Amino acid sequence: MRQLYRVWFSTMSAVLVSTALLGCSSGSNSGGSSAAGDTSKSRGATSSTGATTPMAPTGKTGPTGPTGKTGRTDTTTTPPAAQGDWGTLSGQIVWGGKELPPVTFINVDKDQAHCLGQGQIPREDYVVNPKNKGVRWAMVWIAVDNEGKADVKGKMPTHPRFERVSPAKVVLDQPYCRFEPHVLGIREGQILEIKNSSPIPHNTNLIGGALNPTLNVLLAPRTSKEITGWKAAVPPVPINCNIHGWMRGYIRVFNHPYFAVSDADGNFKIENAPVGKFRLLVWHPEAGWVGSDKNGKELQIKPGTNDLGKIALTP
Ligand SMILES: [Cu+2]
């Protein structure tokens with residue numbers, strides 16, 4: 001079930017998170033990748049210090065843009081005039097509750113031989129790193145600011161490096177009766193390959209709502225299905241398996257490459273974002289909107305490094 005959460009954004013140097021809500025600490029970090037969701041909530045939290053574990057989104061979350069360190073690649077595609085027009089956002093999603101959530105396991109009542117092949121399956125509602133309180137699987141992204149509202153269809157400047165939608169395909173696999181990754185961001189134009197690399201069948205159920213693909217298909221062992229036609233939308237697209245009721249995944253679709261999913265340390269990084277005023281949105285499948293509602297918070301992106309510090313997620 002859901003509750004309301006609230007969040008505190010710690011702001012930092014260049015990035016300003018407008019805030020009528022709570023404020024928090026600061027920090028510095030970087031790292032991750034992203035995704036997003038819908039519901040609302042609020043409740044307070046706190047956060048604080050933390051660790052600084054940079055990281056680069058790669059692989060897993062797929063659609064997240066390339067993670068190259070340097071940002072702009074070559075002068076052929078990046079006009080010198082654009083030099084100061086892009087910034088990199090980084091930060092860390094941290095647990096704002098008093099006690100860390102306990103690790104619990106799924107009650108696997110089907111296909112145990114395969115599903116438990118790598119041991120018990122931990123629940124992914126809240127995956128919090130006890131070392132630094134980092135919360136995994138939060139999606140972070142920016143949106144065009146339309147008079148204080150997040151405009152999900154708004155066009156934003158795209159760094160030359162991201163003009164081409166790449167990679168063309170994003171994979172969502174189902175190893176050992178869970179979705180990998182648990183939270184996935186897709187950019188319009190990308191193909192989603194739903195894969196079943198396991199030796200047992202899964203019945204994949206995708207609920208796309210008004211704008212995105214909906215399907216309910218039996219995926220035989222070691223087969224996959226490619227799905228196109230993704231459109232940026234406010235609600236996330238849940239995915240589950242009708243055979244194994246505990247399997248849950250979440251997809252969010254964007255019309256730009258500026259999103260990331262927090263990693264195992266809670267870190268996220270969004271590179272080569274346009275300079276200027278945008279909305280910052282953070283969503284977690286269980287907590288819902290973090291620190292705001294579907295319109296997010298104002299964010300001023302400056303050229304170069306934008307450290308958002310710690311963003312507390314409080315259940
Ligand atoms: Cu399944």
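The following questions and answers concern a predicted model of one chain.

Reader: What makes up the chain in terms of helices and strands?

Author: The chain has 19 strands and one helix. Of its 315 residues, 49% count as buried.

Reader: Why is Gly-208 called buried?

Author: A residue is buried if 20 or more other C-beta atoms lie within 10 Å of its own. Gly-208 has 20 C-beta neighbours inside 10 Å, so Gly-208 counts as buried.

Reader: Where is Gly-208 found, and what is it in contact with?

Author: Gly-208 sits in the loop between E9 and E10. Leaving aside neighbours within four places in sequence, Gly-208 is in contact with Pro-213, Thr-214 and Val-237. The C-alpha atoms of Gly-208 and Pro-236 are 8.0 Å apart, though the two residues are separated by 28 residues along the chain.

Reader: How do you know that strand E9 and strand E12 pair?

Author: Two strands pair if there are at least two bridges between them. E9 (residues 202-206) and E12 (residues 237-241) have three bridges, in the antiparallel sense, so they pair by that rule. Thr-204 stands opposite Cys-241 in E12.

Reader: What makes E6 and E11 edge strands?

Author: Another open sheet has three strands in the order E6-E8-E11, and its pairing is also mixed. Strand E6 (169-172) and strand E11 (223-227) have a single partner strand each, so one side of each is left without a neighbour in the sheet. The twist here averages 25 degrees from one strand to the next.

Reader: How do you know that E6 pairs with strand E8?

Author: The rule asks for at least two bridges. E6 and E8 (residues 191-196) have four, in the parallel sense, so they count as paired. In E8, Leu-192 is the bridge partner of Val-170.

Reader: Why is strand E3 described as largely enclosed?

Author: Nine of the ten residues of E3 (residues 86-95) are buried, so the rest of the structure largely encloses this strand.

Reader: Which strands does E3 pair with?

Author: E3 pairs with strand E15 (residues 267-274) in the antiparallel sense over six bridges. Trp-86 has Pro-274 as its bridge partner in E15. With strand E19 (residues 304-314), E3 pairs in the parallel sense over eight bridges. Val-94 has Ala-312 as its bridge partner in E19.

Reader: What is in the largest nonpolar core?

Author: The largest nonpolar core has 63 residues, and Ala-138, Val-140 and Trp-141 have the most contacts inside it. Strand E4 (residues 139-146) gives the most to this core, with six residues. Domain 1 (1-48 + 55-63 + 86-98 + 127-154 + 256-315) and domain 2 (165-254) each supply at least three residues.

Reader: Which residues is Ala-138 in contact with?

Author: Apart from neighbours within four places in sequence, its contacts include Ile-93, Val-282, Trp-283 and Leu-313.

Key: Residues numbered from 1 in each chain as written. Predicted model: local features only at pLDDT ≥ 70, side-chain atom pairs only at ≥ 80, totals over all residues. Helix = DSSP H or I, 4+ residues; strand = E, 2+ residues; numbered from the N terminus. Buried ≥ 20, exposed ≤ 12 C-beta atoms within 10 Å, placed from the backbone. Core = buried A, V, L, I, M, F, W, Y, C linked by C-beta atoms within 7 Å. Domains from an automatic or database assignment. Contact = placed C-beta atoms within 7 Å. Axes fitted to C-alpha atoms, helices over the stretch in contact; angles between N-to-C directions.
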